[in-house]
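Hi,

Here is the structure I promised to pass on.

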Amino acid sequence: MASSPDVIVIGAGVLGLCTAAELAVRGHAVTVIDPGGPNASSIAAGMIAPALESLLEDVTADRAALLKRARDLWPAFAETHGLKLLREGADWRGPEPERAAARLRALGFDAQANPNGLTTPDDWRIEVAPALKALARTPGLTMVRGQVVRLTGDARRWRVEANDGRMWFTATVVLATGAGEPIAGLPDPVATAVSAITPVRGQLTFVAAASPPRVVRGPGVYAAPCDGGVVIGATMEPGRRDLEPDPAEATRQIAAGLALLDVTGEIGPTRVGIRGATVDGLPLAGPAGEPGLHLALAPRRNGWLMGPLVARITADGIEGRPPMADAAALDPLRVA
């Protein structure tokens with residue numbers, strides 16, 4: 001039998017690792033259980049993009065303000081965990097740039113139109129692979145490779161069972177399994193909430209090409225700087241869980257991304273990730289209505305943006321602290 005940590009986090013995507021790292025720096029002994037391999041957070045461009053997400057989704061002023069507050073938690077979180085935050089801004093190359101810039105300014109963002117579109121300093125990014133590795137190495141956090149297949153809980157503790165027979169016991173479980181199916185043994189209301197999460201398939205492609213100074217986005221496509229080139233993405237295909245790349249869609253997407261940059265390049269691998277989305281597009285973060293069970297799930301395509309906010313809300317709920325103001329918007333019970 002394994003040790004009995006204070007908290008077990010099931011899932012090592014960005015929400016799971018941000019939450020685990022937040023709890024670890026607060027003094028908790030945390031074990032993260034994950035089957036390993038790529039996940040949706042690793043197959044991402046690492047964009048922390050409240051401004052252009054607000055523009056593309058045509059959100060309300062309240063939603064834009066929430067996204068901006070989520071971003072504003074990043075500088076302190078990055079400093080605490082030794083992460084390199086890239087505050088380069090982003091470019092939008094699309095129709096009616098003056099109107100788009102005015103819309104962003106009305107939502108509280110800084111944006112300036114230019115002949116090619118607009119530029120905003122309010123969108124940042126992070127290099128995904130180094131950030132995931134750094135979070136996983138947080139002192140007080142233990143990573144365990146395994147597939148959790150069953151949870152059994154009562155008023156005192158949870159039993160967490162892996163498919164190879166290993167078991168852990170803990171007072172607190174954080175479910176951070178992305179768009180995964182409900183784990184056996186979850187209480188019915190929680191299993192129902194998890195089942196209601198919509199899988200959203202997204203694919204992106206690495207291209208060895210001249211890297212732009214910042215993320216460039218256009219209608220239906222983005223090109224993000226990365227080590228050795230650019231990442232061009234990403235599709236949004238609700239309801240799909242298949243992981244085989246679509247070559248025709250990749251070809252279309254790559255052409256659109258390179259056209260944004262006006263460059264050519266050597267095409268690399270296309271990768272597919274499955275994100276989870278709720279009906280209102282916001283994650284589920286915090287107590288799940290069962291003693292010792294908390295959720296950190298379903299950020300749609302804003303996992304990196306929402307990571308520190310979800311981590312703080314979830315950790316505060318575990319410690320019984322008064323919830324921060326934005327906790328209500330992410331309350332898992334809102335979808336019950």
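Predicted model: local features only at pLDDT ≥ 70, side-chain atom pairs only at ≥ 80, totals over all residues.

Let me start with β3, β8 and β4, which make an open sheet of three strands in the order β3-β8-β4, paired antiparallel. Its edges are β3 (47–48) and β4 (85–86), each of which pairs on one side only. Between β4 and β8 (residues 124–126) there are two bridges, and the two run antiparallel. If you want a spot to look at, L86 has R125 of β8 as its bridge partner.

There is another open sheet of three strands, ordered β10-β11-β12, again with antiparallel pairing. Here the edge strands are β10 (148–153) and β12 (167–170), each pairing on one side only. From one strand to the next, the twist averages 20°. β10 is joined to β11 (residues 158–162) by five bridges, running antiparallel, and T152 sits opposite R159 of β11.

Then there is β14 (residues 198–208). Eight of its eleven residues are buried, so the strand is largely enclosed by the rest of the structure. What does β14 pair with?

- β19 (residues 266–277): antiparallel, over ten bridges. The partner of R201 in β19 is I274.
- β17 (residues 229–233): antiparallel, over three bridges. F206 stands opposite V231 there.
- β18 (residues 237–238): antiparallel, with two bridges. R201 turns up here too, with E237 as its bridge partner in β18.

Cheers

Conventions: Residues numbered from 1 in each chain as written. Heavy atoms only, no water. Pairing = 2+ DSSP bridges. Helix = DSSP H or I, 4+ residues; strand = E, 2+ residues; numbered from the N terminus. Axes fitted to C-alpha atoms, helices over the stretch in contact; angles between N-to-C directions. Buried < 20%, exposed > 50% of the residue type's maximum accessible area, 1.4 Å probe, protein only.
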